[in-house]
Amino acid sequence: MAALLSVDAASKRFGGLLANRDVSLAIAPGEIVGLIGPNGAGKTTLFNCITGYMHPDGGRIVFDGREITNTRPESICALGVARTWQVVRAFGRMTVLENVVCGALARTSRIGQARARAGELLEFTELRDRGDAPAATLTLADKKRLEIARALATRPRLLLLDEAMSGLTPLETAAAVRLVRRIHQELGVTICVVEHVMEVVMPLSHRVIVLDYGVKIAEGAPQDVVRDAQVIRAYLGERRAAR
Ligand SMILES: Nc1ncnc2c1ncn2[C@@H]1O[C@H](COP(=O)(O)OP(=O)(O)OP(=O)(O)O)[C@@H](O)[C@H]1O
Ligand SMILES: [Mg+2]
């Protein structure tokens, strides 16, 4: 099957630091792919390059058959790629509903339609009863949910989740995992998740890609990746030891 997203030898340099080094990967329609690796491995940088917030210094990124390598974020969003931010970026003074309306306005200029879509997504993300609250007053778990609702309001075919489940309590994490599964199953969205919590990312992902110092060091089924000696050395060993 043709890839929905393909990244071909993408590199991104910050001064002397190569944050992504010839990273190649493909995501098929309908997949949930986990993107893991130590702090500073280049996961967020790769999301930034895919979504047009940064442009890679080398390589090529193709979404649904179209090259998007040097395309602007709003155009990439219009093609059907949405993301959440590792550090939540809700518009704090706006209400929860208004935040999601902003996402919906990427698809329609009619405010009534945008409000209706935003209402549906608040229902879907179980935020309906917080709709009139200023976004700044939400708990972290609800802020992360709001980020997801706003991203979904742009009607993505590919959703990139950057630590959308980190920092949550176990109960909140379980609810967030259920939400991600529903986005995949009920909305048919292809998903790439960056997450440090292995108990979350491994059962959720069909396939896992591992970055270390900007380089893709492994890729495969979760049960194989956790046994990969290089991955254990670079990342999993250190995480086990930290527990
Ligand atoms: N805008 C920037 N300017 C300079 N350096 C940057 C910039 N963004 C990221 N970096 C550096 O690039 C490297 C990769 O960072 P990145 O945020 O992509 O890592 P990450 O895998 O998302 O890490 P984490 O798990 O901590 O979120 C790091 O060394 C980081 O300090
Ligand atoms: Mg990051």
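Because the model is predicted, local features need pLDDT of at least 70 and side-chain atom pairs count only at pLDDT 80 or more, while totals for chains, interfaces and linings use all residues. Residues are numbered from 1 along each chain as its sequence is written, chains are lettered from A and ligands numbered from 1 in the order in which they are written, and side-chain values use heavy atoms, with hydrogens and water left out.

Starting with charge pairs, the structure holds 12 salt bridges, a salt bridge being a side-chain nitrogen of Lys or Arg within 4 Å of a carboxyl oxygen of Asp or Glu. One of them joins the side chains of Glu-31 and Arg-207, at 2.7 Å from N to O. Glu-31 sits in the loop between strand S2 (17–27) and strand S3 (32–36) and Arg-207 in strand S9 (residues 207–212), so this pair ties together parts that are 176 residues apart in sequence. Helices (H or I, at least four residues) and strands (E, at least two) are DSSP runs, numbered from the N terminus. Both partners, Glu-31 and Arg-207, are buried; here buried means under 20% relative accessible area, exposed over 50%, and partly exposed in between (1.4 Å probe, protein chains only).

Arg-207 also forms a salt bridge with Glu-219, with the closest N and O atoms 2.6 Å apart. Since Arg-207 lies in strand S9 and Glu-219 in strand S10 (residues 215–220), that pair ties together parts 12 residues apart in sequence. Arg-207 has a relative accessible area of 16%, whereas Glu-219 is partly exposed at 35%. Put together, Glu-31, Arg-207, Lys-216 and Glu-219 are linked in a network of salt bridges. Elsewhere, the side chains of Glu-74 and Arg-72 meet in a salt bridge at 2.8 Å, N to O. Glu-74 is partly exposed, with 47% relative accessible area, and Arg-72 counts as exposed at 51%.

On to the sheet: four strands form an open one in the order S2-S1-S4-S5, with antiparallel pairing. S2 and strand S5 (66–67) stand at the edges with a single partner strand each, so one side of each is left without a neighbour in the sheet. Two strands pair if DSSP finds at least two bridges between them, and seven bridges join strand S1 (residues 5–14) to S2. Arg-13 has Leu-18 in S2 as its bridge partner.

Helix H3 (residues 96–104) is mostly covered, with seven of its nine residues buried. Among these are Val-96, Leu-97 and Asn-99. The buried residues of H3 pack against helix H4 (111–124) and helix H5 (140–152), contact meaning heavy atoms within 4.5 Å.

As for the ligands, the magnesium ion (ligand 2) is coordinated by Thr-44 (OG1) and Gln-86 (OE1), at 2.0 to 2.2 Å. Thr-44 lies in helix H1 (residues 43–50) and Gln-86 in the loop between strand S6 (81–83) and H3, so the pair ties together parts that are 42 residues apart in sequence. Donors are N, O and S atoms within 2.8 Å of the metal (3.2 Å for Na, K and Ca); water is not among the atoms, so sites may look incomplete. Thr-44 is partly exposed at 25% relative accessibility, and Gln-86 is partly exposed too, at 34%.
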